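Let's take a walk through a protein model together.

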Amino acid sequence: MSERHIHMAGHVTERHITRAGQGGDRDVFEYALLRVVPRVERGECINAGVLVYSRAQAYVGARTHLDEARLLALDPEADVAGIRAALGAIERHCAGGEEAGQAARDDAGRRFRWLIAPRSTVVQPGPVHTGLTADPAAETERLLDLLVR
């Protein structure tokens with residue numbers, strides 16, 4: 001089902017409505033961008049990854065991509081190796097297992113909530129958004145391509 005809305009400025013938008021039992025095989029998921037803020041005092045950032053969480057599928061995943069040229073344009077003295085290490089640690093944290101260290105015992109939701117907690121470091125999470133997906137791992141890749149690369 002779809003509804004058309006005409007805003008006061010004359011723009012037409014469509015909003016798709018899913019009623020209970022009509023969502024098909026899609027589940028709600030949450031996602032947040034990972035941003036690199038090389039000089040926190042300036043507030044400039046680049047997108048460097050995406051975190052995705054699906055409670056229904058007990059999935060938490062992260063995919064990262066650091067555009068070194070863009071990073072160095074913001075701060076020529078940025079610690080590229082350190083930032084890559086931080087992004088890699090986030091991916092390992094999401095994957096769980098021995099690589100996740102103490103977080104390996106946590107469920108997917110707890111690991112996601114820890115990663116999206118606000119912090120003032122060089123790698124920061126952005127605001128959380130929601131959507132519907134049948135495949136959260138594929139959604140992680142899609143969002144990385146759409147919002148980061």
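Is Arg110 buried or exposed? With a relative accessibility of 56%, Arg110 counts as exposed. Here, buried means under 20% relative accessible area and exposed means over 50%, with partly exposed in between (using a 1.4 Å probe and protein chains only).

Before going on, a word about what you're looking at. This is a predicted model, so local features need a pLDDT of at least 70 and side-chain atom pairs count only at pLDDT 80 or more, while totals for chains, interfaces and linings use all residues. Residues are numbered from 1 along each chain as its sequence is written, and side-chain values use heavy atoms, with hydrogens and water left out.

Let's begin with the sheet. Helices (H or I, at least four residues) and strands (E, at least two) are DSSP runs, numbered from the N terminus. Four strands make an open sheet in the order S5-S4-S3-S6, with antiparallel pairing. S5 and S6 stand at the edges with a single partner strand each, so one side of each has no neighbour in the sheet. On average, neighbouring strands here are turned by 20° against each other, direction ignored. For angles like this, axes are lines fitted to C-alpha atoms (for helices, over the stretch in contact), and angles run from 0 to 180 degrees between N-to-C directions.

Now look at how the strands are joined. Two strands count as paired if DSSP finds at least two bridges between them.

Follow the chain from S4 to S5 and you pass through a hairpin with four residues between the strands. Ala58 sits in that loop. Ala58 has a positive phi of about 50° although it is not a glycine. At 61% relative accessibility, Ala58 counts as exposed.

Next come the helices. H3 lies across S3, S4, S5 and S6, and runs at about 155° to S4. Helix H2 covers residues 80-95, and its 16 residues reach 23 Å from the first C-alpha to the last, close to the 22 Å expected. That expected span is 1.5 Å times one less than the number of residues in the helix. Which residues of H2 are buried? They are Val80, Ile83, Leu87, Gly88, Ile90, His93 and Cys94. What covers them includes strands S3, S4, S5 and S6, along with helices H1 and H3. After H2 comes Gly96, with a positive phi near 75°.

Back in strand S3, find Glu30. Glu30 is buried, with a relative accessible area of 17%. Leaving out residues up to four places away in sequence, Glu30 touches Leu51, Val52, Tyr53, Phe112, Arg113, Val128, His129 and Thr130; contact means heavy atoms within 4.5 Å. Glu30 and Pro136 are 106 residues apart in sequence, and their C-alpha atoms are 9.5 Å apart in space.

One of those contacts leads to the next topic. Side chains of opposite charge can pair when their charged atoms come close. A salt bridge is a side-chain nitrogen of Lys or Arg within 4 Å of a carboxyl oxygen of Asp or Glu, and by this rule the count comes to nine. Arg113 forms one with Glu30, with the closest N and O atoms 2.8 Å apart. This pair links distant parts of the chain, since Arg113 is in helix H3 and Glu30 is in strand S3, 83 residues apart. Arg113 is partly exposed, at 39% relative accessible area, whereas Glu30 is buried.

Arg42 and Glu44 meet in one at 3.0 Å, N to O. Arg42 is partly exposed, with a relative accessible area of 46%, and Glu44 counts as partly exposed at 30%. Our opening residue, Arg110, meets Asp106 in a salt bridge at 3.4 Å, N to O. Asp106 is partly exposed, with a relative accessible area of 27%. Finally, look for Arg63, Glu141, Asp145 and Arg149, which are linked in a network of salt bridges.
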